[in-house]
Amino acid sequence: MEPVNWGEAFRIVGGGLVVVFLIMSILAACTHFMGKIFINIEAKKKAAAKQAQAKEEAAS
Amino acid sequence: MSFMDHLITYHDGVLKILNVQVGFGNMDLPHLIMILVGLGFIFLAIKKEWEPYELLPIGAGMILANLPLTGLTTLPGPGIPDGGAGVLGIILKYGLYTWTILPQFIFFGIGALTDFSPLIANPRAFLLGAAAQIGIYCAFLGALAVGLLVPEWGFTLKEACSIGIIGGADGPTTIYTTGLLAPDIMGITATAAYSYMAMVAIIQPPIIKALTSKAERETYMKPMIRPVSRMERILFPIMAMLIIILIIPKSAPLVGFLLLGNLFRESGVVERLSQTAQNELINIITILLMLGIGASMPADRVMDPQTLLVLGLGLLAFCMGTAGGVIFGKIMSKFSKEPFNPMLGAAGVSAVPMSARIVHHMGQQENKRNFLLMHAMGPNVAGVIGSAVAGGYFLGLFINF
């Protein structure tokens with residue numbers, strides 16, 4: 001059994017934690033902004049539909 | 001030759017035939033123990049309904065592989081005549097050791113079965129899924145520390161990675177990672193991962209209770225999460241696949257297949273393929289994979305203290321993962337504007353959906369109004385991605401493909 005290289009072991013742990021948290025944070029941020037964009041689009045669509053309905057009502 | 005001599009020769013011949021052809025004569029203690037363990041798994045699967053889809057075929061595989069003289073686990077290879085390899089040996093060789101394709105197709109099916117909406121609606125759950133991977137690294141260091149105490153029981157770096165990954169509570173990731181890094185302990189690590197997943201209801205509640213106050217567990221959260229549009233559900237697997245694989249390319253076999261399966265599900269245009277992935281494909285692969293895992297439990301190592309150490313370290317990894325998730329949940333609850341129940345962190349281990357159900361159940365025990373299932377599903381599915389990322393990271397350190 002070869003002796004453990006603890007320096008390498010802790011580098012692996014540090015790197016692993018950084019990588020997992022980095023990727024998950026990027027995914028969280030991207031998903032958050034994607035959600036914001038789609039919520040805005042939905043809101044705009046609803047507002048446009050409301051406006052169109054109001055115009056129709058005013059015209060009739 | 002006298003009559004007695006004939007009788008003795010005949011008797012010796014019969015004994016020789018019996019010794020070669022009858023299993024009883026060739027049964028030894030390690031194989032007997034493995035058969036008993038297999039029977040135990042079958043009992044737990046049928047009587048207790050603990051992960052029956054996994055533990056039943058694993059138990060059956062253990063029994064079949066450890067019955068003497070069957071040749072079921074004979075691996076195909078040079079020197080083995082056509083038809084000489086056993087069916088379990090063929091599954092092991094091509095499904096797990098040489099091609100390692102079975103875990104990836106399980107991930108494909110899991111992707112097709114998974115609804116990521118709770119995670120998309122609440123992206124901060126990604127962080128809980130990351131925090132619960134802390135157990136992987138604790139067990140990794142623990143496995144290496146064994147060598148300091150008892151050098152002959154020590155583990156190599158690759159074995160330590162394989163043991164640590166049990167803490168992700170993700171069977172396919174454990175199998176895939178161990179199959180490539182330390183195939184000798186694959187059977188033990190995979191069985192440990194599935195066993196601990198089956199015991200989530202026993203392992204997690206005491207840890208959650210020890211780390212949270214009653215007031216924290218009672219924290220009420222609104223049951224509704226925002227509706228997620230179809231386009232978001234389609235874009236999510238594509239975006240996640242690109243980001244993860246561009247950072248950790250070696251996670252592609254797991255993450256790529258998981259998210260590909262999910263894209264099939266959410267696209268809505270390949271319904272037949274999605275249904276096949278969710279049903280027939282995952283069922284067939286589960287049978288092959290679990291039988292293979294059961295058959296890969298080496299009887300000669302059952303008495304080995306290292307086997308018990310792997311099981312112990314796997315349990316440590318699972319416990320530390322749960323603790324890491326809960327502690328991170330407590331930190332998040334301090335910074336959250338809305339009430340946030342820190343128990344949700346425990347669902348960050350990727351035992352889907354058992355961990356989420358445990359959190360939901362504990363939430364209801366403390367506060368009848370609480371309905372935490374949808375909140376807990378977010379970190380739960382994030383945990384699947386997190387453990388696949390951790391597995392890919394380990395592979396990237398040691399494997400070139």
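**Figure 1. Chain B as a whole agrees with the globule rule.** Chain B holds 19 helices and zero strands. Its C-alpha atoms fill a box of roughly 100 × 45 × 40 Å along the principal axes. Of its 401 residues, 54% count as buried. If you look at contacts in chain B between residues at least 6 apart in sequence, 74% of them join residues at least 24 apart.

**Figure 2. Confidence in the prediction, along chain B and for the model.** Chain B has a mean pLDDT of 91, with 97% of its residues at 70 or more. Within chain B, helix α1 (residues 3–21) has the lowest confidence, a mean of 72. At the other end of the scale, helix α14 (residues 230–247) of chain B is highest, at 97. Where pLDDT is low, predicted coordinates should not be read in detail. The model scores are ipTM 0.89 and pTM 0.88.

**Figure 3. Chain A, a chain with one helix and zero strands.** The radius of gyration of chain A is 26 Å, whereas the globule rule gives 10 Å for 60 residues, so chain A is more spread out than a compact globule. Along the principal axes, the C-alpha atoms of chain A fill a box of roughly 90 × 15 × 5 Å. Buried residues account for 17% of the 60 residues in this chain.

**Figure 4. Where chain A meets chain B.** Here, 23 residues of chain A are in contact with 33 residues of chain B. The side of chain A that touches chain B is made up of 17 nonpolar, five polar and one charged residues.

**Figure 5. Helices α5 and α15 of chain B cross.** Follow helix α5 (residues 102–113) of chain B to where its axis comes within 6 Å of the axis of helix α15 (residues 252–267) of chain B. The two axes cross at roughly 35°, and the crossing of α5(B) and α15(B) is right-handed. On the α5(B) side, the contact residues are Q104(B), F107(B), F108(B), G109(B), I110(B), G111(B) and A112(B). From α15(B), the contributors include P253(B), L254(B), F257(B), L258(B), G261(B), N262(B), F264(B) and R265(B). By class, the residues of this contact are eleven nonpolar, five polar and one charged.

**Figure 6. Helix α9 of chain B is mostly covered.** In helix α9 (residues 157–164) of chain B, seven of the eight residues are buried. They are L157(B), E159(B), A160(B), C161(B), S162(B), I163(B) and G164(B). Among the elements of chain B that cover these buried residues are α8 (134–149), α10 (171–181) and α11 (186–198). The cover also includes α17 (305–335) and α19 (373–398) of chain B.

Figure 7. Leaving aside residues up to four places away in sequence, A323(B) touches I207(B) and L211(B). A323(B) and L211(B) are 112 residues apart in sequence, and their C-alpha atoms are 7.5 Å apart in space.

How values were computed
Residues numbered from 1 in each chain as written. Chains lettered and ligands numbered in written order. Predicted model: local features only at pLDDT ≥ 70, side-chain atom pairs only at ≥ 80, totals over all residues. Contact = placed C-beta atoms within 7 Å. Nonpolar A, V, L, I, M, F, W, Y, C, P; charged D, E, K, R; others polar. Axes fitted to C-alpha atoms, helices over the stretch in contact; angles between N-to-C directions. Helix = DSSP H or I, 4+ residues; strand = E, 2+ residues; numbered from the N terminus. Left-handed = near helix turned anticlockwise from the far one by under 90°. Rg over C-alpha atoms; globule rule 2.2 N^0.38 Å. Buried ≥ 20, exposed ≤ 12 C-beta atoms within 10 Å, placed from the backbone. pLDDT = per-residue confidence, 0-100.
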